[in-house]
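Please keep the sequence and the structure in view while reading.

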Amino acid sequence: MSIRLLNLHTDTVSLELSEADIPTLKKAIADEFGAAAEKRFAMMNEVSFGGEAFIWQNEWSDPCLISKTERGVHLLKRLYDVLIADQSNLADSTSSDEES
């Protein structure tokens, strides 16, 4: 899993991930905030969850979810923390399995 959170110059953040992580991201959104809604536009999509709308781009196999508001920044930081914790738990269980 390759996920990172970048601070943008517009006081927003971008949650960036690999295409392989998209199913994990969708599951984390559903678990934390319920079902997400999506509107499609020509150059990007708008994804809404947790009462906020985000910009979703997936150009050149480089997907990202971008906050549009300060509250959206907090929601993406929360989501990032959940994803990183899941990644850490997965790594811990893998190393435990290898030791057995």
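## The largest pocket

In this predicted model, the lining of the largest pocket draws at least two residues from each of H1, strand E3 (37-40) and E4. Of these elements, H1 gives the most to the lining, with 5 residues. The lining comprises 15 residues, and those that lie nearest the centre of the pocket are Lys26, Ile29, Ala36, Glu38 and Val47.

The space in this pocket comes to about 250 Å³. By residue class, its lining divides into 10 nonpolar, 2 polar and 3 charged residues.

## Overall architecture

The protein chain contains 2 helices and 6 strands, which follow one another along the sequence in the pattern β-β-α-β-β-β-β-α. Of the 100 residues in the chain, 32% are buried. Among the contacts with a separation of 6 or more, 42% are made by residues 24 or more positions apart.

In soluble globular proteins, nonpolar side chains tend to be buried together. Here the largest nonpolar core has 20 residues, and the ones with the most contacts inside it are Leu15, Leu25, Phe49, Leu65, Leu76 and Leu79. At least two residues of this core come from each of strand E2 (13-16), helix H1 (22-33), strand E4 (45-49), strand E5 (52-59) and helix H2 (70-99), and H2 provides the largest share, 6 residues.

When residues up to four places away in sequence are not counted, Leu15 touches Ile3, Arg4, Leu5, Leu25, Pro63, Cys64, Leu65, Leu76, Leu79, Tyr80 and Leu83.

Leaving aside neighbours within four places in sequence, the contacts of Phe49 are with Ile29, Phe33, Ala36, Phe54, Leu65, Leu75, Leu76 and Leu79. Ala37, which is 12 residues from Phe49 in sequence, has its C-alpha 6.7 Å from the C-alpha of Phe49.

Not counting residues up to four places away in sequence, Glu52 touches Val47, Thr69, Arg71, Gly72 and Leu75.

Glu32, by contrast, lies in helix H1 and is partly exposed, with a relative accessible area of 29%. Which residues does Glu32 contact, leaving aside its neighbours within four places in sequence? They are Arg78 and Val82, and the side chains of Glu32 and Arg78 are joined by a polar contact of 3.0 Å. Leu75 is 43 residues from Glu32 along the chain, and the C-alpha atoms of these two residues are separated by 9.7 Å.

Conventions. Residues numbered from 1 in each chain as written. Predicted model: local features only at pLDDT ≥ 70, side-chain atom pairs only at ≥ 80, totals over all residues. Heavy atoms only, no water. Core = buried A, V, L, I, M, F, W, Y, C linked by side-chain atoms within 4.5 Å. Buried < 20%, exposed > 50% of the residue type's maximum accessible area, 1.4 Å probe, protein only. Helix = DSSP H or I, 4+ residues; strand = E, 2+ residues; numbered from the N terminus. Contact = heavy atoms within 4.5 Å. 1 Å grid on protein atoms, 1.4 Å probe; cavity = no way out; pocket = protein on both sides within 12 Å on 5 of 7 lines; lining within 4 Å. Points joined across faces, edges and corners; volume = space filled by probe spheres on them. Nonpolar A, V, L, I, M, F, W, Y, C, P; charged D, E, K, R; others polar. Polar contact = N/O pair within 3.5 Å; in protein donor to acceptor, adjacent residues only side chain to side chain.
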